[in-house]
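Subject: Structure handed over, with notes on what was found

Dear colleague,

My notes follow directly after it.

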Amino acid sequence: MPEWLAAGGAGLLAGGALLLGSAIAWLVAVPARVVAVVMAFGSGVLISALAFELVEEAMDQGGLAATALGFLVGALVYVGLNLLLARRGARHRKRSGGQQPSDSDSGAAIAIGALIDGIPESMVLGLSFLTGGGLSVPMLAAVFISNVPEGLSSTAGMKRAGRRPGYVFGVWGGIAVASGLAALAGYLLLDGAPASVLAFVNALAAGAILAMITDTMIPEAFENAAVYSGLIATLGFLAAFSLHSLG
């Protein structure tokens, strides 16, 4: 299989986990505490993956300057976009309770917000073919594992807010396709790029992912599993670190 096709397929598979989580939440009344537990676990998984699969790889390739700059830029860009979307009703797009607005004007903002949450994760799957000589299985596993609770929690909130199934599954189906395209773009656009550029982009994605975890995943995990969320996130971190070490 050509590498460009494998890159796109990896992004599509990872994005499909959002659709899987969404389907579970739509068909089954998942208790808020269960949502919080899986969100805490997914947060730990992603933190481990960005530390050992992205930042460490960026350091090895481009050094501290390119890594630090990319990491900071990624966080700033994500937070800036998130602030704009929050003003239009997308602040609580990953919450499973009654925090999401039900007005029609916020629908587009929520969809765009979910898209910017997923793009950085997908891009690095395509980049892993360029930086690691093949698909990073630990990174794919980490993104897939974390995407299930993201789709689950957000869809539970959308359902409570009265969103129709066409909107909900249209959003997540579209993001699954966009994830495949983002991974493909990460591969095609940066093929042959200097190591410093690849390091910068990897670190940029890591900074955006960390900002996303803090802004959208950890609040959901803490609200309904506050006593245990730190321990559950630790278990997620160790699970992803074990995959990285074994890989």
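**Helix packing, cavity and pocket**

Helix 4 and helix 5 pack with their axes 10 Å apart, at an angle of about 155°. Because angles over 145 degrees count as roughly antiparallel, helix 4 is roughly antiparallel to helix 5. The crossing of these two helices, helix 4 and helix 5, is right-handed. Please bear in mind throughout that this is a predicted model.

Helix 5 (residues 165-190) also packs with helix 1 (residues 3-27), here at an angle of about 160° and with the axes 7 Å apart. That angle makes helix 1 roughly antiparallel to helix 5, and helix 1 passes helix 5 in a right-handed crossing. When the residues in the contact of helix 1 with helix 5 are sorted by class, 18 are nonpolar, eight are polar and one is charged.

How many cavities of 30 Å³ or more does the structure hold? There is one cavity that reaches this size, and the volume of the largest cavity is about 30 Å³. Its lining is made up of Ser48, Ala49, Phe52, Glu53, Pro138, Ala142, Ala240 and His244. Helix 2 (32-90), helix 4 (137-160) and helix 7 (229-246) are the elements that each give two or more residues to this lining, and helix 2 gives the most, with four residues. By class, the lining of the largest cavity has five nonpolar residues, two polar residues and one charged residue.

One of the residues lining the largest cavity, Phe52, also takes part in an aromatic pair. A search of the whole structure finds four such pairs, among them the one formed by Phe52 and Phe241, which is tilted, with 4.8 Å from centre to centre and 50° between the planes. This pair links distant parts of the chain, since Phe52 lies in helix 2 and Phe241 in helix 7, 189 residues apart.

Finally, please look at the second largest pocket, which has a volume of about 210 Å³. Which of its 14 lining residues are the closest to its centre? They are Val77, Ile119, Pro120, Leu204 and Ala208. The elements that give two or more residues to the lining of this pocket are helix 2, helix 3 (107-131) and helix 6 (195-225), and helix 3 gives the most, with six residues. Sorted by class, the lining of the second largest pocket has 13 nonpolar residues, one polar residue and no charged residues.

With best wishes

Definitions and conventions
Residues are numbered from 1 along each chain as its sequence is written. This is a predicted model: local features need pLDDT of at least 70, side-chain atom pairs count only at pLDDT 80 or more; totals for chains, interfaces and linings use all residues. Side-chain values use heavy atoms; hydrogens and water are left out. On a 1 Å grid over the protein atoms alone, a cavity is a set of points where a 1.4 Å probe fits but cannot get out, and a pocket is an open set with protein on both sides within 12 Å along at least five of seven lines; lining residues have an atom within 4 Å of a point. Grid points are joined across faces, edges and corners, and a volume is the space filled by probe spheres set on the points. Ala, Val, Leu, Ile, Met, Phe, Trp, Tyr, Cys and Pro count as nonpolar, Asp, Glu, Lys and Arg as charged, and the others, Gly among them, as polar. Axes are lines fitted to C-alpha atoms, for helices over the stretch in contact, and angles run from 0 to 180 degrees between N-to-C directions. Angles under 35 degrees count as roughly parallel, over 145 as roughly antiparallel, 65 to 115 as roughly perpendicular and the rest as oblique. A crossing is left-handed if the near helix is turned anticlockwise from the far one by less than a right angle, and right-handed if clockwise. Rings of Phe, Tyr and Trp (its six-membered ring) pair if their centres lie within 6.5 Å; planes under 30 degrees apart count as stacked, over 60 as edge-to-face and the rest as tilted.
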